[in-house]
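Open the structure in a viewer and keep the sequence at hand. The stops below say what to select next and what is there.

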Amino acid sequence: MNQRDEILQRTRTVTLLPNAVAQAIPLFQDPETPVTELARVIECDPGLTSNVLRLANSAYYGRQRSISSVKDAIVHIGAQSVFHTVMSAVMASFGDATMKGYGLPSDQLWEHSFAVAAGASLFAEELGYDVSGAAHTAGQLHDIGKVVLGSFVDVDVKPIEERAFKGEVSFEQAEREILGIDHAEVGAELLERWNLPREIVEAVRWHHEPEQLDDDHRLIADLVHVANSVCLIAGIGTGNDGLNYHMSQSATARLKLTRKIIEEVACDIHLRLVEVRSWLNNQGR
Amino acid sequence: MRYTIGIGEMKVSTSVEDILITYSLGSCVGLSLYDPVAQVGGLIHCMLPLSRISPDKAVSYPARFTDTGVVALLREVIAAGARKDRLIARVAGAAKMLDENGLFKIGERNYTVLRKVLWKNDVLIRSEDVGGTISRTVYLEMASGRTMLKSGGREREL
């Protein structure tokens, strides 16, 4: 068995998904699911429930009154925001899983995921695309393959880094040359097993090379790509891989981005990060 | 005391016990200023080149932008007792992605603006480590006045 097959096989055995989250994913994708049903599945998991209630009652949502049930939270902050919390809890559950090889402490990976999610949905809103929810989720999960490679497969990243920085190839190209697979594909394989919607799986798979997707399925990958670029440039949760990735020339053109929009979104991402950090600090995280 | 300077923040110190550190400079620029006679130093981490993108935010967060940030840092170190003609300026950051699109060029523009503001203020850059695709961490050690640079697991004086 070559290393690629070994990694894929290992990815299939990764069971990091709490039961409640596994059940919640298809229910939240279906707009017909009754609110009571959504609430019931979240309430099965005390950790998830407290996260949802904390968020719903946070200054982030400007709540004056107190929200004490998951059902109320869904009604007040919306099913979409509750779903974001659920997926964010998945990223946060890697709390102790420092990306050894990637030189990325777990809180930095969480910040990077948060910031790319915020950026992808901000770009969607700013550019008038009605996909900010899916863009947010794809942004949150785009680097989940690094968790698998860094913690569960325990790959040695040193030769990948050397190949990337000395050979002047992008980091994911170096991963492919040395491991036979890159973190984007590993992440997509994992999310496919978790039954996430196709558009999110493919956006994660191609977040470094959105042009590999056809015209009808590329939008979310483009949004995640530019949001990820902004976060790497701003140094939000960059690891040893640094900024060593290609920027897609066509993604910016397809989205008709301007310098003004890019820099305004960069400012807003930073602002949200400062807000969420102070909120988390107040929660004593 | 050890102070972490986040993105868009700055800090001035007059205490030999302080270490001012900023992590993960991508295309952002980090500037350390130090007056060895007055033993006053400062460190800033600027994210975007020009404040005209968001003039109101530049008022509340001047350090977020290179143009307003460098001016603010100069003003603060001087207010704390430093003299402009003695200031030692060291610069790090301004990295870029591979094939970075011309719309971005944030690192390059950050560096250009920084040089321009320092030049206008007659402050020379003593040393720098800029460009490439690496992420950098910089700290100013007030006890020695040294600025240290860490990247890719290695550390050296800047």
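Which residue takes a positive phi just after α10(A)? Select A:Glu168: its phi is about 50°. Helices, here and below, are DSSP runs (H or I, at least four residues), and strands are E runs of at least two, numbered from the N terminus.

This is a predicted model, in which local features need pLDDT of at least 70, side-chain atom pairs count only at pLDDT 80 or more, and totals for chains, interfaces and linings use all residues. Residues are numbered from 1 along each chain as its sequence is written, while chains are lettered from A and ligands numbered from 1 in the order in which they are written.

**Helix α10 of chain A**

Now select residues 158-167 of chain A, which form α10. Its buried residues are A:Ile160, A:Glu161 and A:Ala164. Buried means that 20 or more other C-beta atoms lie within 10 Å of the residue's own, exposed that 12 or fewer do, and partly exposed in between, with C-beta atoms placed from the backbone. Looking down the axis of α10(A), these buried residues fall within an arc of 95°, so they line one face of the helix. The arc is that of the directions from the helix axis to the C-beta atoms. Turn to the face away from the buried side to find the exposed residues A:Lys158, A:Glu162, A:Lys166 and A:Gly167. Residues are in contact if their C-beta atoms, placed from the backbone, lie within 7 Å.

**Helices α2 and α3 of chain A**

Next select residues 19-29 and 35-43 of chain A: α2 and α3 pack at an angle of about 165°, with their axes 9 Å apart. Axes are lines fitted to C-alpha atoms, for helices over the stretch in contact, and angles run from 0 to 180 degrees between N-to-C directions. The angle makes α2(A) roughly antiparallel to α3(A), a term for angles over 145 degrees. On the α2(A) side, show A:Ala20, A:Gln23, A:Ala24, A:Leu27 and A:Phe28; they meet A:Glu37, A:Leu38, A:Val41 and A:Ile42 in α3(A). These contact residues divide into 7 nonpolar, 1 polar and 1 charged. Ala, Val, Leu, Ile, Met, Phe, Trp, Tyr, Cys and Pro count as nonpolar, Asp, Glu, Lys and Arg as charged, and the others, Gly among them, as polar.

**Where chain A touches chain B**

Last, show both chains: the contact takes 25 residues from chain A and 26 residues from chain B. On the side of chain A that touches chain B, α16(A) gives the most, with 8 residues.

Notes. Angles under 35 degrees count as roughly parallel, over 145 as roughly antiparallel, 65 to 115 as roughly perpendicular and the rest as oblique. Two residues are in contact if their C-beta atoms, placed from the backbone, lie within 7 Å.
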